[in-house]
Amino acid sequence: MSTAIQERVIRPARNVYGSLRLPGDKSISHRYAMLGAFAEGVSRFTNFSTGADCASTLACMQALGAQVKRLEGDAVEITGVAGRVTPAADALDCGNSGSTMRMLSGLLAAQEGSFTLTGDASLSRRPMERIRKPLEAMGARLTLTEGHAPLTIHGGKLTAIDYTTPVPSAQVKTCVLLAGLQTEGTTTVHEAVRTRDHSELALRAFGATVTRTSGSVSIAGPQYLHAIEAAVPGDLSSAAFFLCAAALFPGSGLVLDSIGLNPTRAALLDVLTALGAHISVLNLEEKHAELVGTIQISAPAEGMGTTAVTGALAAQLIDELPVLAAIGPFTSGGLRIRDAKELRVKESDRIALVAKNLRAMGAEVIEFEDGLDVPGGQTLHGATIDSGGDHRIAMAFAVAALRAEGETVIQGAESAAISFPEFFEMLDLVAER
Ligand code: S3P
(Lines give C-alpha, C1' and ligand atoms only; values in the text may rest on other atoms or scores of the structure.)
Protein backbone atom coordinates (compact mmCIF):
# COMPACT_ATOMS: atom_id res chain seq x y z
CA MET A 1 0.00 0.00 0.00
CA SER A 2 1.53 3.33 -0.98
CA THR A 3 -0.26 5.87 1.15
CA ALA A 4 1.45 9.20 1.72
CA ILE A 5 2.55 10.03 5.26
CA GLN A 6 -0.26 11.97 6.89
CA GLU A 7 -0.63 14.12 9.95
CA ARG A 8 -3.90 14.37 11.83
CA VAL A 9 -4.74 17.13 14.25
CA ILE A 10 -6.80 15.99 17.23
CA ARG A 11 -8.59 18.66 19.24
CA PRO A 12 -9.67 18.03 22.83
CA ALA A 13 -13.23 16.83 23.34
CA ARG A 14 -15.82 17.65 26.00
CA ASN A 15 -17.45 14.24 25.84
CA VAL A 16 -17.75 11.02 23.88
CA TYR A 17 -21.29 10.07 22.98
CA GLY A 18 -23.14 8.10 20.31
CA SER A 19 -23.37 4.73 18.67
CA LEU A 20 -21.19 3.02 16.10
CA ARG A 21 -21.02 -0.17 14.09
CA LEU A 22 -17.42 -1.16 13.53
CA PRO A 23 -15.77 -3.01 10.65
CA GLY A 24 -15.09 -6.73 10.88
CA ASP A 25 -12.58 -8.30 13.21
CA LYS A 26 -9.07 -8.44 11.77
CA SER A 27 -8.07 -11.76 13.35
CA ILE A 28 -11.24 -13.53 12.24
CA SER A 29 -11.10 -12.02 8.74
CA HIS A 30 -7.54 -13.30 8.24
CA ARG A 31 -8.60 -16.79 9.24
CA TYR A 32 -11.81 -16.85 7.21
CA ALA A 33 -9.87 -15.58 4.18
CA MET A 34 -7.12 -18.17 4.55
CA LEU A 35 -9.41 -21.09 5.26
CA GLY A 36 -11.96 -20.05 2.62
CA ALA A 37 -9.17 -19.84 0.06
CA PHE A 38 -7.87 -23.27 1.07
CA ALA A 39 -11.30 -24.95 1.27
CA GLU A 40 -13.31 -26.51 -1.46
CA GLY A 41 -16.18 -24.38 -2.74
CA VAL A 42 -17.26 -20.76 -2.67
CA SER A 43 -17.23 -18.94 0.68
CA ARG A 44 -18.85 -15.59 1.33
CA PHE A 45 -18.02 -13.27 4.22
CA THR A 46 -19.91 -10.14 5.12
CA ASN A 47 -18.48 -7.33 7.26
CA PHE A 48 -14.98 -8.45 6.26
CA SER A 49 -12.18 -6.35 7.79
CA THR A 50 -11.52 -3.16 5.85
CA GLY A 51 -7.91 -3.04 7.08
CA ALA A 52 -4.88 -3.25 4.80
CA ASP A 53 -3.60 -6.28 6.74
CA CYS A 54 -6.52 -8.47 5.66
CA ALA A 55 -6.18 -7.15 2.12
CA SER A 56 -2.61 -8.52 2.25
CA THR A 57 -3.96 -11.95 3.19
CA LEU A 58 -6.51 -11.84 0.36
CA ALA A 59 -3.82 -10.84 -2.16
CA CYS A 60 -1.54 -13.67 -1.03
CA MET A 61 -4.33 -16.21 -1.29
CA GLN A 62 -5.20 -14.92 -4.74
CA ALA A 63 -1.57 -15.31 -5.80
CA LEU A 64 -1.79 -18.91 -4.55
CA GLY A 65 -4.71 -19.72 -6.84
CA ALA A 66 -7.86 -18.74 -4.94
CA GLN A 67 -10.37 -16.48 -6.65
CA VAL A 68 -11.23 -13.42 -4.61
CA LYS A 69 -14.11 -11.12 -5.44
CA ARG A 70 -14.97 -8.00 -3.46
CA LEU A 71 -18.72 -7.61 -3.18
CA GLU A 72 -20.73 -4.59 -2.15
CA GLY A 73 -20.65 -3.44 1.48
CA ASP A 74 -17.39 -5.01 2.71
CA ALA A 75 -18.36 -8.51 1.62
CA VAL A 76 -15.88 -10.90 0.04
CA GLU A 77 -16.43 -14.01 -2.05
CA ILE A 78 -13.63 -16.56 -2.23
CA THR A 79 -13.41 -19.64 -4.40
CA GLY A 80 -11.01 -22.00 -2.69
CA VAL A 81 -8.23 -24.16 -4.09
CA ALA A 82 -9.59 -27.36 -2.49
CA GLY A 83 -6.46 -28.12 -0.51
CA ARG A 84 -3.78 -27.58 -3.16
CA VAL A 85 -2.30 -24.12 -3.79
CA THR A 86 -0.63 -23.03 -7.02
CA PRO A 87 3.02 -22.16 -6.35
CA ALA A 88 3.19 -18.39 -6.78
CA ALA A 89 5.56 -17.08 -9.44
CA ASP A 90 6.52 -14.08 -7.30
CA ALA A 91 7.18 -13.52 -3.62
CA LEU A 92 4.04 -13.29 -1.51
CA ASP A 93 3.84 -9.79 -0.05
CA CYS A 94 2.46 -9.86 3.51
CA GLY A 95 2.70 -6.06 3.86
CA ASN A 96 2.64 -5.06 7.52
CA SER A 97 0.86 -8.20 8.64
CA GLY A 98 2.55 -10.62 11.04
CA SER A 99 -0.63 -12.70 11.12
CA THR A 100 -0.49 -13.21 7.35
CA MET A 101 3.17 -14.19 7.35
CA ARG A 102 3.12 -16.52 10.34
CA MET A 103 -0.19 -18.27 9.71
CA LEU A 104 0.32 -18.62 5.96
CA SER A 105 3.76 -20.17 6.57
CA GLY A 106 2.08 -23.06 8.35
CA LEU A 107 -0.40 -23.59 5.53
CA LEU A 108 2.38 -23.55 2.91
CA ALA A 109 4.87 -25.72 4.81
CA ALA A 110 2.74 -28.77 4.03
CA GLN A 111 2.41 -27.92 0.32
CA GLU A 112 4.84 -29.11 -2.36
CA GLY A 113 7.12 -26.34 -3.60
CA SER A 114 9.00 -23.27 -2.46
CA PHE A 115 7.32 -20.09 -1.36
CA THR A 116 8.95 -16.78 -0.54
CA LEU A 117 7.19 -14.40 1.85
CA THR A 118 8.15 -10.74 2.16
CA GLY A 119 6.86 -7.81 4.18
CA ASP A 120 7.37 -4.11 4.75
CA ALA A 121 10.22 -2.68 6.85
CA SER A 122 8.33 -3.19 10.14
CA LEU A 123 7.38 -6.80 9.38
CA SER A 124 10.95 -7.49 8.23
CA ARG A 125 12.15 -6.65 11.74
CA ARG A 126 9.77 -9.01 13.54
CA PRO A 127 10.87 -12.41 14.89
CA MET A 128 10.20 -15.38 12.59
CA GLU A 129 12.39 -17.94 14.35
CA ARG A 130 9.26 -18.79 16.33
CA ILE A 131 7.64 -20.36 13.27
CA ARG A 132 10.84 -21.88 11.84
CA LYS A 133 11.33 -24.10 14.91
CA PRO A 134 8.02 -26.01 14.86
CA LEU A 135 7.77 -26.16 11.07
CA GLU A 136 11.28 -27.57 10.78
CA ALA A 137 10.47 -30.05 13.54
CA MET A 138 7.64 -31.21 11.25
CA GLY A 139 10.06 -31.62 8.34
CA ALA A 140 9.75 -28.39 6.35
CA ARG A 141 12.79 -26.22 5.64
CA LEU A 142 12.68 -22.46 6.20
CA THR A 143 15.33 -20.01 5.14
CA LEU A 144 15.12 -16.77 7.11
CA THR A 145 17.07 -13.55 6.77
CA GLU A 146 18.85 -13.25 10.14
CA GLY A 147 15.79 -14.58 11.92
CA HIS A 148 13.43 -12.37 9.94
CA ALA A 149 11.61 -12.00 6.63
CA PRO A 150 12.14 -12.31 3.73
CA LEU A 151 11.72 -16.00 4.29
CA THR A 152 11.47 -18.98 1.99
CA ILE A 153 9.55 -22.11 2.85
CA HIS A 154 10.50 -25.37 1.21
CA GLY A 155 7.34 -27.33 1.81
CA GLY A 156 6.30 -30.93 1.41
CA LYS A 157 5.03 -33.93 3.32
CA LEU A 158 5.33 -33.29 7.05
CA THR A 159 5.18 -35.35 10.23
CA ALA A 160 2.84 -34.56 13.11
CA ILE A 161 4.37 -33.04 16.25
CA ASP A 162 3.64 -32.22 19.84
CA TYR A 163 4.72 -28.63 20.31
CA THR A 164 4.82 -26.25 23.27
CA THR A 165 4.87 -22.57 22.26
CA PRO A 166 7.68 -20.78 24.14
CA VAL A 167 5.88 -17.40 24.02
CA PRO A 168 2.10 -17.14 24.04
CA SER A 169 1.18 -16.59 20.39
CA ALA A 170 -2.04 -17.32 18.56
CA GLN A 171 -0.20 -16.77 15.31
CA VAL A 172 2.35 -19.50 16.05
CA LYS A 173 -0.37 -21.82 17.36
CA THR A 174 -2.32 -21.29 14.12
CA CYS A 175 0.80 -21.79 12.01
CA VAL A 176 1.33 -25.24 13.53
CA LEU A 177 -2.38 -26.17 13.35
CA LEU A 178 -2.57 -25.25 9.65
CA ALA A 179 0.43 -27.48 8.95
CA GLY A 180 -1.12 -30.20 11.14
CA LEU A 181 -4.40 -29.97 9.22
CA GLN A 182 -2.60 -31.38 6.18
CA THR A 183 -0.35 -33.86 7.99
CA GLU A 184 -0.99 -37.49 8.80
CA GLY A 185 -1.22 -38.12 12.54
CA THR A 186 -2.16 -35.87 15.43
CA THR A 187 -0.46 -32.51 15.82
CA THR A 188 -0.81 -30.92 19.24
CA VAL A 189 0.05 -27.42 20.40
CA HIS A 190 0.43 -26.79 24.11
CA GLU A 191 0.26 -23.24 25.40
CA ALA A 192 0.84 -21.97 28.91
CA VAL A 193 -1.53 -19.06 28.40
CA ARG A 194 -4.68 -19.55 26.41
CA THR A 195 -4.35 -17.25 23.40
CA ARG A 196 -7.18 -16.19 21.12
CA ASP A 197 -8.94 -19.28 19.75
CA HIS A 198 -10.37 -17.95 16.48
CA SER A 199 -8.43 -20.55 14.47
CA GLU A 200 -9.86 -23.43 16.43
CA LEU A 201 -13.39 -22.07 16.02
CA ALA A 202 -12.89 -21.22 12.35
CA LEU A 203 -11.39 -24.63 11.52
CA ARG A 204 -14.46 -26.25 13.05
CA ALA A 205 -16.76 -23.90 11.14
CA PHE A 206 -15.09 -25.04 7.90
CA GLY A 207 -15.76 -28.64 8.89
CA ALA A 208 -12.53 -29.76 10.57
CA THR A 209 -12.36 -31.63 13.85
CA VAL A 210 -10.22 -29.87 16.44
CA THR A 211 -9.96 -31.15 19.99
CA ARG A 212 -9.06 -29.06 23.00
CA THR A 213 -8.01 -29.50 26.58
CA SER A 214 -7.45 -26.58 28.94
CA GLY A 215 -3.81 -26.24 27.86
CA SER A 216 -3.66 -27.75 24.40
CA VAL A 217 -5.24 -27.99 20.95
CA SER A 218 -4.97 -31.00 18.66
CA ILE A 219 -5.76 -31.62 15.06
CA ALA A 220 -5.62 -35.02 13.34
CA GLY A 221 -4.75 -34.75 9.66
CA PRO A 222 -5.27 -34.83 6.89
CA GLN A 223 -8.65 -33.12 6.91
CA TYR A 224 -10.48 -31.22 4.21
CA LEU A 225 -12.31 -27.92 4.52
CA HIS A 226 -15.63 -26.91 3.01
CA ALA A 227 -16.74 -23.41 2.10
CA ILE A 228 -18.95 -21.45 4.49
CA GLU A 229 -20.96 -18.24 4.59
CA ALA A 230 -20.28 -16.07 7.59
CA ALA A 231 -20.71 -12.59 8.99
CA VAL A 232 -17.51 -11.33 10.61
CA PRO A 233 -18.16 -9.81 14.07
CA GLY A 234 -17.10 -6.21 14.69
CA ASP A 235 -13.49 -5.87 15.85
CA LEU A 236 -13.15 -5.61 19.63
CA SER A 237 -9.55 -4.40 19.31
CA SER A 238 -10.83 -1.50 17.18
CA ALA A 239 -13.69 -0.98 19.63
CA ALA A 240 -11.02 -0.69 22.36
CA PHE A 241 -10.12 2.82 21.19
CA PHE A 242 -13.71 3.98 21.55
CA LEU A 243 -14.29 2.16 24.83
CA CYS A 244 -11.19 3.81 26.30
CA ALA A 245 -12.25 7.18 24.85
CA ALA A 246 -15.66 6.83 26.51
CA ALA A 247 -14.01 5.83 29.80
CA LEU A 248 -12.27 9.23 29.85
CA PHE A 249 -15.40 11.39 30.19
CA PRO A 250 -17.85 11.28 33.08
CA GLY A 251 -21.20 11.69 31.32
CA SER A 252 -20.12 9.70 28.29
CA GLY A 253 -22.31 7.10 26.66
CA LEU A 254 -21.40 4.85 23.78
CA VAL A 255 -23.14 1.90 22.14
CA LEU A 256 -21.09 -0.38 19.89
CA ASP A 257 -23.15 -2.76 17.84
CA SER A 258 -22.34 -6.38 16.83
CA ILE A 259 -18.89 -6.62 18.37
CA GLY A 260 -16.98 -9.88 18.68
CA LEU A 261 -16.96 -10.94 22.33
CA ASN A 262 -14.95 -14.13 22.17
CA PRO A 263 -13.85 -14.67 25.80
CA THR A 264 -10.19 -15.04 24.72
CA ARG A 265 -10.40 -11.47 23.40
CA ALA A 266 -12.73 -9.70 25.80
CA ALA A 267 -10.47 -9.09 28.82
CA LEU A 268 -10.52 -5.36 28.11
CA LEU A 269 -14.10 -5.22 29.33
CA ASP A 270 -12.98 -6.63 32.70
CA VAL A 271 -10.11 -4.16 32.95
CA LEU A 272 -12.31 -1.17 32.14
CA THR A 273 -14.86 -2.43 34.65
CA ALA A 274 -12.07 -2.71 37.24
CA LEU A 275 -11.24 0.93 36.46
CA GLY A 276 -14.84 1.83 37.27
CA ALA A 277 -16.48 2.01 33.83
CA HIS A 278 -20.08 0.86 33.57
CA ILE A 279 -20.34 -1.74 30.85
CA SER A 280 -23.23 -3.88 29.75
CA VAL A 281 -23.49 -6.40 26.98
CA LEU A 282 -26.78 -6.86 25.13
CA ASN A 283 -28.14 -9.01 22.30
CA LEU A 284 -25.55 -11.73 22.79
CA GLU A 285 -25.57 -14.33 20.01
CA GLU A 286 -23.28 -16.92 18.52
CA LYS A 287 -22.07 -16.94 14.93
CA HIS A 288 -19.96 -19.94 13.92
CA ALA A 289 -19.15 -20.31 17.64
CA GLU A 290 -17.94 -16.70 17.92
CA LEU A 291 -19.88 -14.64 20.45
CA VAL A 292 -21.24 -11.35 19.17
CA GLY A 293 -23.06 -8.64 21.10
CA THR A 294 -23.72 -4.97 21.64
CA ILE A 295 -21.55 -3.15 24.18
CA GLN A 296 -22.82 -0.18 26.15
CA ILE A 297 -20.32 1.85 28.13
CA SER A 298 -20.37 4.93 30.30
CA ALA A 299 -17.61 6.39 32.44
CA PRO A 300 -17.69 6.47 36.23
CA ALA A 301 -18.85 9.85 37.56
CA GLU A 302 -15.90 9.90 39.97
CA GLY A 303 -13.37 9.11 37.22
CA MET A 304 -11.35 5.94 36.67
CA GLY A 305 -9.58 4.24 39.58
CA THR A 306 -6.51 2.06 39.23
CA THR A 307 -5.59 -1.41 38.05
CA ALA A 308 -2.74 -3.71 37.08
CA VAL A 309 -2.38 -5.82 33.95
CA THR A 310 0.08 -8.65 34.55
CA GLY A 311 0.59 -12.37 33.85
CA ALA A 312 -1.83 -14.13 31.51
CA LEU A 313 -3.98 -11.00 31.32
CA ALA A 314 -1.13 -9.10 29.67
CA ALA A 315 -0.90 -11.73 26.90
CA GLN A 316 -4.66 -11.68 26.34
CA LEU A 317 -4.78 -7.90 26.19
CA ILE A 318 -1.63 -7.44 24.19
CA ASP A 319 -3.21 -5.41 21.35
CA GLU A 320 -5.16 -3.18 23.76
CA LEU A 321 -2.24 -2.25 26.02
CA PRO A 322 -1.10 0.82 24.03
CA VAL A 323 -4.48 2.52 24.36
CA LEU A 324 -4.89 1.45 27.98
CA ALA A 325 -1.47 2.92 28.79
CA ALA A 326 -2.37 6.08 26.90
CA ILE A 327 -5.39 6.69 29.14
CA GLY A 328 -3.42 5.71 32.26
CA PRO A 329 -2.56 9.31 33.23
CA PHE A 330 -6.30 10.07 33.54
CA THR A 331 -6.91 7.35 36.12
CA SER A 332 -6.73 8.37 39.77
CA GLY A 333 -4.31 5.66 40.87
CA GLY A 334 -2.37 4.85 37.72
CA LEU A 335 -1.85 1.79 35.62
CA ARG A 336 0.73 -0.93 36.07
CA ILE A 337 1.58 -3.16 33.09
CA ARG A 338 4.02 -6.08 33.31
CA ASP A 339 4.73 -9.41 31.59
CA ALA A 340 4.15 -7.70 28.27
CA LYS A 341 7.59 -8.00 26.70
CA GLU A 342 5.98 -9.10 23.44
CA LEU A 343 4.93 -5.47 23.00
CA ARG A 344 8.53 -4.75 22.02
CA VAL A 345 8.30 -6.95 18.92
CA LYS A 346 4.94 -5.86 17.55
CA GLU A 347 4.56 -3.49 14.57
CA SER A 348 6.86 -1.20 16.60
CA ASP A 349 8.48 -1.35 20.03
CA ARG A 350 5.21 -0.37 21.65
CA ILE A 351 6.63 -0.01 25.15
CA ALA A 352 9.25 2.50 23.98
CA LEU A 353 6.83 4.42 21.75
CA VAL A 354 4.08 4.64 24.37
CA ALA A 355 6.62 5.96 26.90
CA LYS A 356 8.09 8.43 24.41
CA ASN A 357 4.71 9.80 23.36
CA LEU A 358 3.31 10.01 26.90
CA ARG A 359 6.41 12.01 27.84
CA ALA A 360 5.93 14.24 24.78
CA MET A 361 2.48 15.05 26.20
CA GLY A 362 4.04 15.96 29.53
CA ALA A 363 3.28 12.77 31.44
CA GLU A 364 5.48 10.94 33.84
CA VAL A 365 5.94 7.27 32.95
CA ILE A 366 8.38 4.56 34.04
CA GLU A 367 9.50 2.08 31.42
CA PHE A 368 10.37 -1.55 32.23
CA GLU A 369 11.70 -4.22 29.91
CA ASP A 370 8.29 -5.93 30.07
CA GLY A 371 5.90 -3.08 30.75
CA LEU A 372 5.17 0.38 32.06
CA ASP A 373 4.06 2.20 35.17
CA VAL A 374 1.81 5.10 34.30
CA PRO A 375 1.04 7.20 37.39
CA GLY A 376 -2.50 8.55 37.64
CA GLY A 377 -3.83 12.03 38.29
CA GLN A 378 -1.79 13.66 35.53
CA THR A 379 -2.61 16.43 33.09
CA LEU A 380 -1.48 16.04 29.48
CA HIS A 381 -0.83 18.76 26.96
CA GLY A 382 -1.13 18.51 23.19
CA ALA A 383 2.07 17.44 21.44
CA THR A 384 3.44 15.97 18.24
CA ILE A 385 3.07 12.19 18.37
CA ASP A 386 5.44 9.81 16.65
CA SER A 387 3.30 6.83 15.65
CA GLY A 388 6.35 4.99 14.30
CA GLY A 389 4.06 3.92 11.46
CA ASP A 390 2.23 1.71 13.96
CA HIS A 391 -1.57 1.77 13.64
CA ARG A 392 -2.27 1.08 17.30
CA ILE A 393 0.11 3.81 18.50
CA ALA A 394 -1.50 6.37 16.15
CA MET A 395 -5.00 5.51 17.38
CA ALA A 396 -4.05 5.20 21.07
CA PHE A 397 -2.69 8.74 21.15
CA ALA A 398 -5.63 10.15 19.22
CA VAL A 399 -7.68 8.89 22.19
CA ALA A 400 -5.36 10.40 24.83
CA ALA A 401 -5.46 13.66 22.84
CA LEU A 402 -9.20 13.98 23.51
CA ARG A 403 -8.44 14.79 27.16
CA ALA A 404 -5.23 16.79 26.59
CA GLU A 405 -4.96 20.55 26.86
CA GLY A 406 -4.45 21.95 23.36
CA GLU A 407 -4.10 20.25 20.02
CA THR A 408 -2.20 17.07 19.28
CA VAL A 409 -0.65 16.19 15.94
CA ILE A 410 -0.48 12.48 15.10
CA GLN A 411 2.35 11.85 12.67
CA GLY A 412 1.92 8.80 10.47
CA ALA A 413 -1.84 8.82 11.00
CA GLU A 414 -2.35 6.91 7.74
CA SER A 415 -1.09 3.80 9.56
CA ALA A 416 -4.53 3.47 11.17
CA ALA A 417 -5.61 1.96 7.83
CA ILE A 418 -3.62 -1.18 8.65
CA SER A 419 -6.49 -2.32 10.85
CA PHE A 420 -9.09 0.46 10.85
CA PRO A 421 -9.21 2.92 7.91
CA GLU A 422 -12.43 4.55 9.20
CA PHE A 423 -10.97 5.31 12.65
CA PHE A 424 -10.51 9.10 12.48
CA GLU A 425 -13.88 9.71 10.81
CA MET A 426 -15.63 7.57 13.41
CA LEU A 427 -13.79 9.33 16.22
CA ASP A 428 -15.11 12.65 14.90
CA LEU A 429 -18.64 11.22 14.95
CA VAL A 430 -18.60 10.51 18.68
CA ALA A 431 -16.18 13.11 20.09
CA GLU A 432 -18.25 16.12 21.19
CA ARG A 433 -16.36 19.38 21.10
C1 S3P B 1 -3.09 -12.13 16.41
C2 S3P B 1 -2.37 -12.54 17.48
C3 S3P B 1 -1.55 -11.65 18.29
C4 S3P B 1 -1.94 -10.20 18.08
C5 S3P B 1 -2.11 -9.85 16.63
C6 S3P B 1 -3.16 -10.73 15.99
C7 S3P B 1 -3.87 -13.13 15.67
O8 S3P B 1 -0.19 -11.82 17.93
O9 S3P B 1 -1.01 -9.34 18.68
O10 S3P B 1 -2.49 -8.50 16.47
O11 S3P B 1 -4.75 -12.75 14.86
O12 S3P B 1 -3.64 -14.32 15.87
P13 S3P B 1 0.69 -13.02 18.54
O14 S3P B 1 0.04 -14.27 18.17
O15 S3P B 1 2.03 -12.90 17.89
O16 S3P B 1 0.73 -12.77 20.00
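Ala179 counts as buried, at 0% relative accessibility, where buried means under 20% relative accessible area, exposed over 50% and partly exposed in between, with a 1.4 Å probe and protein chains only. The model is predicted: local features need pLDDT of at least 70 and side-chain atom pairs count only at pLDDT 80 or more, while totals for chains, interfaces and linings use all residues. Residues are numbered from 1 along each chain as its sequence is written, and side-chain values use heavy atoms, with hydrogens and water left out.

Ala179 belongs to helix α5, residues 170-180; helices (H or I, at least four residues) and strands (E, at least two) are DSSP runs, numbered from the N terminus. Not counting residues up to four places away in sequence, Ala179 touches Gly106, Ala110, Leu135, Met138 and Leu158, contact being defined as heavy atoms within 4.5 Å. Lys157 is 22 residues from Ala179 along the chain, and the C-alpha atoms of the two are separated by 9.7 Å.

Ala179 also takes part in the packing of α5 against α3. Two packed helices are described by the angle between their axes and the distance between the axes. For α3 and α5, the axes come within 6 Å and cross at roughly 25°; axes are lines fitted to C-alpha atoms, for helices over the stretch in contact, and angles run from 0 to 180 degrees between N-to-C directions. That angle makes α3 roughly parallel to α5, on a scale where angles under 35 degrees count as roughly parallel, over 145 as roughly antiparallel, 65 to 115 as roughly perpendicular and the rest as oblique. The crossing of α3 and α5 is right-handed: a crossing is right-handed if the near helix is turned clockwise from the far one by less than a right angle, and left-handed if anticlockwise. On the α3 side the contact is made by Gly98, Ser99, Arg102, Met103, Gly106 and Leu107, and on the α5 side by Gln171, Thr174, Cys175, Leu178 and Ala179.

Asn96 is placed in the loop between β6 (92-93) and α3 (98-109). At 6% relative accessibility, Asn96 counts as buried. Its side chain makes a polar contact with the side chain of Ser122 at 3.5 Å; such a contact is a pair of N or O atoms within 3.5 Å, and within protein one must be able to donate a hydrogen and the other to accept it, while residues adjacent in sequence count only if both atoms are side-chain atoms. Leaving aside neighbours within four places in sequence, the residues in contact with Asn96 include Asp53, Asp120, Arg126, Glu347 and Ile418.

Helix α7 covers residues 236-247. Its 12 residues reach 15 Å from the first C-alpha to the last, close to the 16 Å expected at 1.5 Å a residue, the expected span being 1.5 Å times one less than the number of residues. Because 12 of the 12 residues of α7 are buried, the helix is largely enclosed by the rest of the structure. At the N-terminal end, Asp235 caps α7, with a side-chain oxygen 2.8 Å from the backbone nitrogen of Ser237.

The partner of α7 considered here is α12, residues 391-401. The two helices pack at an angle of about 20°, with their axes 9 Å apart. That makes α7 roughly parallel to α12. The contact joins Ser237, Phe241, Cys244 and Ala245 of α7 to Arg392, Met395, Ala396 and Val399 of α12. α7 passes α12 in a right-handed crossing.

α12 is also among the elements that cover the buried residues of α11, as are α10 (321-327) and β20 (366-368). In α11, residues 350-360, the buried residues are Arg350, Ile351, Leu353, Val354, Ala355, Asn357 and Leu358. Asp349 caps the N-terminal end of α11, a side-chain oxygen lying 3.2 Å from the backbone nitrogen of Ile351. After α11 comes Gly362, with a positive phi near 95°.

Some backbone details remain. Most residues other than glycine have a negative phi, and most peptide bonds are trans. The bond from Ala149 to Pro150 is cis, with omega near -5°, and Pro150 lies in strand β9. The bond from Gly221 to Pro222 is cis, with omega near -5°; Pro222 lies in the loop between β13 and β14. Asn283, in strand β16, has a positive phi of about 50° although it is not a glycine, and counts as exposed at 59% relative accessibility. His288 lies in the loop between β16 and β17; its phi is positive, near 50°, and the residue is partly exposed, with a relative accessible area of 32%.
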